[in-house]
Amino acid sequence: MACAVSTSRSLLDRAWELDPQVSVRPESFGALLYHFGTRRLSFLKDRRLLGVVEQLASSATARDACDLAGIDHDALPRYERALRTLVDTNMLRERAA
Amino acid sequence: MSVGSSLVEHFAQGLDAPICLTWELTYACNLACRHCLSSSGRRDPRELSTDEAKAVIDELERMQVFYVNIGGGEPTIRSDFWELVDYATDHHVGVKFSTNGSRITAEVAARLAASDYVDVQISLDGATAEVNDAVRGPGSYATAIQAMEHLAAAGFRGFKISVVCTRQNMSQLDEFKALAARYDAQLRLTRLRPSGRGADVWDELHPTADQQHELYQWLLANGDTVLTGDSFFHLAGFGEPLPGLNLCGAGRVVCLIDPVGDVYACPFAIHDAFLAGNVRTEGGFAVVWRESELFRTLRGPQSGGACAACSAYDACRGGCMAAKFFTGLPLDGPDPECVKGHGEAALAGVTHGTQPRPSVDHSVPVVLGRRPDRRCDESPLAGVAG
């Protein structure tokens with residue numbers, strides 16, 4: 001499938017934003033995400049991940065967003081996996097950096 | 001989708017707002033399904049007005065409830081149905097509505113296909129007219145199929161075909177799946193509850209123990225493509241968790257608003273014992289959701305009762321509250337369809353006729369050889385424009 005944006009770089013080195021059809025509801029455990037187009041519900045299982053997601057749109061890369069949200073370097077792979085799930089379920093979409 | 005156990009514990013303790021809720025807009029219905037969970041038929045004169053319904057939607061928007069499952073009765077019978085659907089989607093509350101399909105004309109289907117924020121669920125309880133119509137009434141299969149034809153022709157992809165699993169249709173699971181594929185729809189299977197008129201036919205319609213095991217295996221094999229509304233968590237007692245939360249969400253992450261604004265713990269629990277309040281009272285729905293004694297109790301620690309010693313308790317958590325209640329079983333005992341067989345033993349000790357009856361019944365009375373004494377007994381549409 002043709003793709004407008006290169007996928008050769010790591011997810012962490014690319015720029016992302018929430019899909020405009022996604023609503024976020026913060027909760028004590030993290031957040032609920034609902035995509036009105038796919039009608040899928042997702043869960044962010046910790047508040048720090050919500051912090052990362054909230055920083056994405058104003059950050060040049062997902063890595064920057066993680067830094068701003070105070071994620072330790074050692075924890076980055078875990079957050080990358082969580083973001084990957086959100087990309088795969090169309091909750092996040094890539095944007096030009 | 002499988003969810004971590006710590007998250008499930010959060011849900012068991014309740015959220016500040018429901019994730020979604022069921023809203024029965026009217027008790028009026030042009031069908032008289034034998035197992036109707038809400039004993040629907042006649043419109044209730046105390047039904048929420050258009051303005052009152054819009055005020056509820058405003059509240060749901062403020063609470064960030066993502067979507068409502070609208071049902072009834074037949075919700076499209078309300079003359080303001082489309083007005084309320086538009087109002088909800090304009091206010092960021094998505095709508096999924098259940099219908100028997102009788103009003104899903106080609107025009108309506110085209111309109112639905114054009115909206116991203118409205119989803120449709122066509123009720124069908126048999127993959128053949130013979131099996132379906134025996135429960136939902138003569139002609140209801142053809143009506144549902146016609147609606148599906150209209151939706152598919154309009155390009156509405158992924159609408160839901162909603163099936164209540166019964167003893168009579170359990171051998172048709174693959175046929176239901178094929179039917180969904182034919183219309184580019186998604187199959188949704190839910191559990192028959194002894195709620196509403198369902199209590200009267202439960203003995204005859206509920207799946208046998210063998211069928212339950214077959215269903216469990218079918219769901220393990222097909223669960224990712226089939227929706228269940230989390231309704232079969234009692235089957236997790238067989239061993240493997242099924243996709244979903246495997247949790248009773250009643251009063252914790254879901255609830256029911258009925259046509260007159262009464263808030264119940266779940267759609268299968270229309271009884272005073274599960275009545276949390278009414279949206280018409282001071283503070284509206286939010287205060288009922290957050291402060292009702294009933295909901296606080298449901299969000300507190302639950303006693304496993306007689307089930308606590310069972311090896312399956314962590315998986316099934318004692319099963320469905322409503323199924324227990326309306327079959328006369330204690331709420332801290334086994335589900336009537338307990339996969340370990342404890343339900344059957346417990347049911348044997350229930351004296352016939354002592355089970356709680358629904359507090360609300362809008363069934364159309366069966367009147368033989370006599371004219372209906374009120375217009376609305378004759379037709380649920382009487383007095384309702386459009």
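I'll start with chain A, where three strands make an open sheet of 3 strands in the order S2-S3-S4, and the pairing is antiparallel. Two of them sit at the edges, strand S2 (22–27) and strand S4 (40–44) of chain A, since each pairs on one side only. Averaged over the sheet and ignoring direction, neighbouring strands are turned by 20 degrees against each other. Before going on: this is a predicted model.

As background, strands of a sheet pair through backbone hydrogen bonds, in either a parallel or an antiparallel way.

Now one pair in detail. Strand S3 of chain A covers residues 30–35, and S3(A) joins S4(A) in the antiparallel sense over 5 bridges. Which residue of S4(A) stands opposite His35(A)? That is Arg40(A).

Next, the contact between the chains. Chain B puts in 13 residues and chain A puts in 13 residues. On the side of chain B that touches chain A, the classes are 6 nonpolar, 5 polar and 2 charged residues.

Over to chain B as a whole. Chain B contains 15 helices and 9 strands. Along the principal axes, the C-alpha atoms of chain B fill a box of roughly 55 × 50 × 45 Å. Of its 386 residues, 49% count as buried. If we take the contacts in chain B with a separation of 6 or more, 70% of them join residues 24 or more positions apart.

Last, one residue of chain B, Gln121(B). Gln121(B) lies in strand S4 of chain B, residues 118–123. Is Gln121(B) buried or exposed? Gln121(B) has 22 C-beta neighbours inside 10 Å, and the cut-off for buried is 20 or more, so Gln121(B) counts as buried.

What does Gln121(B) touch, leaving out residues up to four places away in sequence? The list is Lys96(B), Phe97(B), Ser98(B), Lys160(B), Ser162(B) and Arg188(B). For a distance within the chain, take His35(B): His35(B) and Gln121(B) are 86 residues apart along the chain, and 18 Å separates their C-alpha atoms.

Technical notes:
Residues numbered from 1 in each chain as written. Chains lettered and ligands numbered in written order. Predicted model: local features only at pLDDT ≥ 70, side-chain atom pairs only at ≥ 80, totals over all residues. Helix = DSSP H or I, 4+ residues; strand = E, 2+ residues; numbered from the N terminus. Buried ≥ 20, exposed ≤ 12 C-beta atoms within 10 Å, placed from the backbone. Contact = placed C-beta atoms within 7 Å. Nonpolar A, V, L, I, M, F, W, Y, C, P; charged D, E, K, R; others polar. Pairing = 2+ DSSP bridges. Axes fitted to C-alpha atoms, helices over the stretch in contact; angles between N-to-C directions.
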